[in-house]
Amino acid sequence: MTLKRRNGKAGESGDVAKKKVEPKVSPPLPKPKKKDSGEDYSKMRQNVFWWSAVVILTISISIMHRQHIFNLFEDDKHFSHLSNLEREMAFRTEMGLYYSYFKTIIDAPSFSNGLHRITSDNVTEFPDTINTLKRFNLYPEVILGAVYRVFMKIAEDNKWNVRMCYSINRGEGKSSVPSCEGIGEPTYFYVTAVMNLNGAMMGLYFLFGTFLSGSIFGGLLTVSGYFLNHGECTRVMWTPPLRESFAFPILVSEMFFLSYMLKKRSPSLKDSVYLALCIVSFMLPWQFAQFALMTQLVAVLGCYVLGYINYKRMKLVLIGHAMGIATSFVLLFGNEMLLTSFYASCILSVAVILLLDGVLQKLKIRPLILVVQGVVLLIGMVGLKVLLGKILQVEDDAHIGDILRSKFGNFKNFHTLLYTCAPEFDFLEYETYTKLTKTCLIPAMLLSVALIVFTLLRREVNNKFYSKKEGIVTYPEDKDMGDEKEHAELLYNIFQMCAFIAMAVVIMRLKLFATPQLCLVVSILASRKVIEPMIKDIAFHRALLVLLFSMMCFYGYGNLQQQWSIKGEYSNYPMEDLIDWIHESTPENAVFGGPMPTMANIKLSTLRPIINHPHYEDSGIRERTKKIYTMTSRKTKKELYDVCKELRVEYIVYEGGWCLRSGAKKGCTMPEIWDVEDPENAGKRPLCTVMVEDPSPYFKQVYKNVKFDVFKVL
């Protein structure tokens, strides 16, 4: 009997045969070509040459920048020929205050004793005892003080000659003074450490630009832009002890590592730890670090919501920031300002956005998701900041909100006017835009941003077209990893630049964040990945880069010549005479009050207790300063006397020009500022002029020179 086949092969039983699925066999992979040993050696040699060039250029650029800023500092003040007292006086305002704690540590009998003195200090805000390490972010002074003590011990044991002293003839009827220079001199040691750190920062900028562009030419463009706009990028050569001189190089390294973390194929928790270490190193020296880090977290969040980094990568960055602020809080002895900062509330808000990610994705409408995330971030940051401030009863940073209100509204009070009347806290001046345009930095930055945006949009369009055409659907194995788009590190740096520019426009002083970031973004013009779709010829591309460099130098070299032409010699005989008089004529426990910059110098050079100082980021010291500044108001001598008794002030120092500054903007002399707070006395004679003429019966003038008057409280 013959079996009939129905839809099957002979021999299969049943009316309907089961269809047998044949497995598809993948075509055999092509055999790898045998590598040519000569070609391998050539590539290896090229890599060695490339890395050698990078290392040599990094070291050379670091040394060159260090020498450049040190020479500018020396030429401006003739620092090497100043006496020790004159060098201390050259550190005006906050600089003198910070350096005084380095001096305290190195002059103490032991390091532990010096550390105890600055953590239990009753000289800076007499009679209160404060932890200045917590309040003023003095970790740089602590570290440098420890290193100096160890270095000097080693130098003494080995009989090294680390200091050379000689006598300086000053003329003008002044006696000769001893002067010492060399790494063993405390002021030299301190300034040299700052200059070395900022020299290394320039090498780091070269590496950063090389990383972003994938080309040495990108690193050289970054460094060239920085040098040719040097006065708009930094002020370390004029003000070495400021917090930014220590913190900004660390911020550059932190941003560099974050950019690497955004580009790295598979980041891990270990990267979060490294990021946290960078953040801690940045936050410990500078109170303002929290604002820069807040903008950074928002910039990274922007990369996340646009799909350039995935959920896991965003979470790792957030963990790094959370660990960083928590560690800084502990190392700064529980500084409450960190917990009530916009940065802390930003971290919590971003965490909420990540927790809601699964819910938000169900909305399907991408623009709606972005709006919800933006609202959560904004309300969370402001709401949590206000809530935490009220719970912890912290108002130390309230003046920052007041400054912003005064800039964008009619609000003003005594404290905001002290800030906004200073030129560095004004809006970014028109001259800055002109300078950066003439050196081609702004045009080059705009071209770089345009090319990046074009590249990212072109890839978006191509990817969508290809996906629809081929019907491709992606099913990631790990929902946390998901899909990522290329160039997240470039997009982050552009977002960061936009944030820094916004900060600089509102407060001119913050252009020191924005201008270096512009130099970094310009490095992208050297990237072959970005430029190749438009310019295939590598030689032509490099020729255009050389042309850009030439155009930058045409005006930028004049900026360098202007810096090199600065020749000065610091002297302040009235201040020197005042300090000598205080040493000779007042007891060691005499308490002084007066202008903030002068008080810092008195504390540094005489070690006398003071009741106010230039570090204004504390609500208590702001009120103290306002009270002692009654001297510049239109109130009565009796009211000033009552304030002095309340604060336990024994001597008031009056500095000429403090009260009635010549050339001040309208409404910015001290009596005019007081008119806002004390309208009842508006129009009366300023108290400062009354005191100079006749301080009795509550005060007695005990010292006077061409610049300073000292009044004893009776």
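1. In this note a residue is called buried under 20% relative accessible area, exposed over 50%, and partly exposed in between, with a 1.4 Å probe and protein chains only. On that scale arginine 235 and glutamate 244 are both buried, and their side chains meet in a salt bridge at 2.8 Å, N to O; a salt bridge here is a side-chain nitrogen of Lys or Arg within 4 Å of a carboxyl oxygen of Asp or Glu.

2. The model is predicted, so local features need pLDDT of at least 70 and side-chain atom pairs count only at pLDDT 80 or more, whereas totals for chains, interfaces and linings use all residues. Residues are numbered from 1 along each chain as its sequence is written, and side-chain values use heavy atoms, with hydrogens and water left out.

3. By the salt-bridge rule the count comes to 28. One of them joins the side chains of glutamate 88 and lysine 103 at 3.0 Å, N to O, linking helix α2 (residues 84-90) with helix α3 (residues 94-107) across 15 residues of sequence; helices (H or I, at least four residues) and strands (E, at least two) are DSSP runs numbered from the N terminus. Both glutamate 88 and lysine 103 are buried.

4. The pair of glutamate 486 and arginine 459 meets at 2.1 Å, N to O, and it links the loop between α21 (441-470) and α22 (488-506), where glutamate 486 lies, to arginine 459 in helix α21, 27 residues apart. Here glutamate 486 is partly exposed at 40% relative accessibility, and arginine 459 is partly exposed with a relative accessible area of 24%. Elsewhere, salt bridges that share partners join Glu232, Glu431, Lys435 and Lys511 into one network.

5. Leaving aside neighbours within four places in sequence, phenylalanine 513 is in contact (heavy atoms within 4.5 Å) with residues including Phe248, Trp286, Phe288 and Met503.

6. Phenylalanine 513 is among the buried residues of α23, and because twelve of the twelve residues of α23 are buried, this helix is largely enclosed by the rest of the structure.

7. A search of the whole structure finds three disulfides, a disulfide being a pair of cysteine sulfur atoms within 2.5 Å. Cysteine 165 is joined to cysteine 180 with S to S 1.9 Å, and the torsion about that S-S bond is about 105°, so the disulfide is right-handed. Cysteine 165 is partly exposed at 47%, whereas cysteine 180 is buried at 9%.

8. The disulfide of cysteine 421 and cysteine 668 has S to S 2.1 Å and is left-handed, with a torsion of about -80°; the two cysteines are 247 residues apart. Cysteine 659 and cysteine 688 are joined at 2.0 Å, and with -65° about the S-S bond their link is left-handed. In sequence order the bonded cysteines pair as 1-2, 3-5, 4-6.

9. Which cysteine sulfur is closest to that of cysteine 233? The closest belongs to cysteine 519, at 4.4 Å, which is too far for a bond. Cysteine 233 is buried, with a relative accessible area of 2%, and cysteine 519 counts as buried at 1%.
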